[in-house]
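Work through these exercises with the structure open beside you. Try each task before you read its solution.

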Amino acid sequence: MILFRIDYFSAINQKQYIMRKQFVFLTVCLALILAMNSCNNNEIKVQGSLKTWHKVTLSINGPEVSETGTPNPFLTYRLNVTFQKGDQKYVVPGYFAADGNASETSASSGSVWKAHFCPPEAGTWEYSVSFRQGEEIALSLEEEAGEPVGPDGLEGSFEVESSSNDAPGFLSEGKLRYVGKHHLQFAGSKEYFLKGGADSPENFLAYNGFDGTYYGGDSEQRSGESAPNEGLHSYNPHIDDWKEGDPTWQNGKGKGIIGALNYLSSKGMNSVYFLTMNILGDGEDVWPYTDRNERYRFDCSKLDQWEIVFSHMDSLGIMLHVVLQETENECLLDAGYLDVQRKLYLRELVARFSHHLAIKWNLGEEHHATSWAPYGQTVEDTKEMANYLRDIDPYDNFIAMHTHSNPEKREEDLRHYLGFETLEGPSIQAGNVYNVHEDAKQWLRLSEDSLHPWVVSLDEIGPAWKGALPDEYSPMHDTIRREALWGNLMAGGAGVEWYMGYKFPHNDLNCEDWRSRDNLWNITRYALEFFQNYLPFHEMQNMDDIITAEDAWCLGKEGRIYAVYLKRGGTTDIQLPAGHYSISWYNPREGGNITVGNPIKGTANSPVSIGNPPEEQGEDWVCLIENQK
């Protein structure tokens, strides 16, 4: 039934597109003339705080059009703004913004067009506007395609100051970017990033405060998946986490979702996973379009409201893990190919959201065909999609791909992408948490061998019915703490997001209260704090082969510093270069400060014991070993 629906809707969409194209061809010339005549005032407003890493918005008076009108403003016009300072040049896609205040007014028509810029440097930035018209011109990468209209050729400049070191969240850190290593780095602070956060609910944007958002499914639960949410998220348990001065829209909407993010940030989490389109997927309640069955027109007010939430995430220091599709709808747009629908979808998301400071573009959840979802994008389809996304994103934001949970299927799929430079890392789904450590080691090693190192993160754990349990069922989360969280980090991985299993309260589709896993966030934070406070983790690599204990892992920088994770306490011998080393102990269940142990002396030829943890033998401990020279 699912497969029939995918094929059916794809066929209907293609037929509708051909009919629309014929109609547009007959009317576009007259409509363009009328639109040009309506564009008499070429005023440009520069809005924003005008500081590095803060959003600067150009609001441009352009053709007056409608989301549903002819010509289609999303296809027939193309706004690009070039921002330049010296040899730094960013060509930023713009978008139709209705009346310019659609988040408040719910407007669907107007003459305001916008482009967002994230300045990486203080000083004078010059801008020039390219505003072109023509059939499907929005999808063209050719600079001179189409014909100029209204604001085309307008120029100006603005002054940018340096951001304050105490600016909130990522606003003091700068853009998070791939730098050819196994960890992402902030362009401003030069600090490296490890993530911890929420993988659920994946339909995070199915929020009842957003315009045009409703449940569009049939309420049937599929095997191996969460029950559909017949309503929408309200996040009522988090309304009290909203703070005076936090954003809202339309007389107080948004407090639940803003409060939920406040709570997660207060627990030290820095990443949230969410789908931007789940039509025909698990939730059937998230899409950027004006309607569930629309593919060529976008809901300006809904997307403006998304932007309010995403901007708040920047200020909290929470990464946007943007999942572009899921396995059930890989072939919804253009039957899986890179064509009009898919290009338009990607361009709108890039134009509206690529300026955000920490973005992970995920090409698809559980990507590629499998036994239970036999229709999917091919490897070549996926590579073309990734390359187009790279071509239109002015900031070269991080691009990843979510895998299937089966290790053989993951192996089959990921090997096609080793050395493919547009893909910068896998988003691992692990059906068996006991495979996490060795799996991460493998992909880190293979990507090194391909000369294109991957950022390897763990973004979903199985089994699907279980995932990360609520605290009431597993207060200390012993298995996933040891095998998933520390398993990924001690391999040299980039961090973890927690999926919530479908047989338990607050699951992958209906989670309303992130406090259901309050201690899970604590335990995750303890791991991140150890790595960030005590280790140069971006310079370290897995060294399991230098320790003798079977139930332990080692991460190190040879001759300088080592971390040994003992999953069930005890001790191990370690082979160290000659020198004098200090020993300290860290409790991954409680966090806090390290406890000083007895120093040891390394020799060139024989292993040496690290000693025993200070207490609670049989529990997991981390031993920090530092060369004292």
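**Exercise 1. Two helices side by side**

Find the handedness of the crossing between α10 and α11, then describe how the two helices pack.

*Solution.* Start with the handedness. α10 passes α11 in a right-handed crossing. Keep in mind that this is a predicted model.

Next, locate the helices. α10 spans residues 478-491 and α11 spans residues 518-534. Their axes come within 11 Å and cross at roughly 30°. Angles under 35 degrees count as roughly parallel. Therefore α10 is roughly parallel to α11.

Now list the residues that make the contact. α10 supplies Ile480, Arg481, Leu485, Trp486, Leu489 and Met490. α11 supplies Leu520, Ile523, Thr524, Ala527, Phe530 and Phe531.

**Exercise 2. One side of a helix**

Which residues of α8 are buried, and how are they placed around the axis?

*Solution.* Go to α8, residues 407-414. Lys409, Arg410, Asp413 and Leu414 are buried there. They cover an arc of only 115° around the axis, so they sit on the same side of α8.

Then ask what covers them. The cover includes strand β16 (398-402), strand β17 (426-430) and helix α9 (436-449).

Finish at the N-terminal end of α8, which Asn406 caps. A side-chain oxygen of Asn406 lies 2.9 Å from the backbone nitrogen of Glu408.

**Exercise 3. A residue in a strand**

Is Asp459 buried or exposed? Find its polar side-chain partners, including Lys195.

*Solution.* Asp459 is in strand β18.

Second, check its accessibility. The relative value is 0%. Buried means under 20%, so Asp459 counts as buried.

Third, look for polar contacts. The side chains of Asp459 and Lys195 are joined by one of 2.4 Å. The side chain of Asp459 also makes a polar contact with that of Ser427, at 2.4 Å.

Leave aside neighbours within four places in sequence. Asp459 is then in contact with Lys195, Asp199, His321, Lys360, His402, Ser427, Ile428 and Glu497.

**Exercise 4. Apart in sequence**

How many residues separate Ser474 and Arg517 in sequence, and how far apart are they in space?

*Solution.* Begin with Ser474. It lies in the loop between β18 (457-461) and α10.

Now compare the two separations. Ser474 and Arg517 are 43 residues apart in sequence. In space they are 9.3 Å apart, C-alpha to C-alpha.

Definitions and conventions: Residues are numbered from 1 along each chain as its sequence is written. This is a predicted model: local features need pLDDT of at least 70, side-chain atom pairs count only at pLDDT 80 or more; totals for chains, interfaces and linings use all residues. Side-chain values use heavy atoms; hydrogens and water are left out. Buried means under 20% relative accessible area, exposed over 50%, partly exposed in between (1.4 Å probe, protein chains only). Helices (H or I, at least four residues) and strands (E, at least two) are DSSP runs, numbered from the N terminus. The arc is that of the directions from the helix axis to the C-beta atoms. Contact means heavy atoms within 4.5 Å. A polar contact is a pair of N or O atoms within 3.5 Å; within protein, one must be able to donate a hydrogen and the other to accept it, and residues adjacent in sequence count only if both atoms are side-chain atoms. Axes are lines fitted to C-alpha atoms, for helices over the stretch in contact, and angles run from 0 to 180 degrees between N-to-C directions. Angles under 35 degrees count as roughly parallel, over 145 as roughly antiparallel, 65 to 115 as roughly perpendicular and the rest as oblique. A crossing is left-handed if the near helix is turned anticlockwise from the far one by less than a right angle, and right-handed if clockwise.
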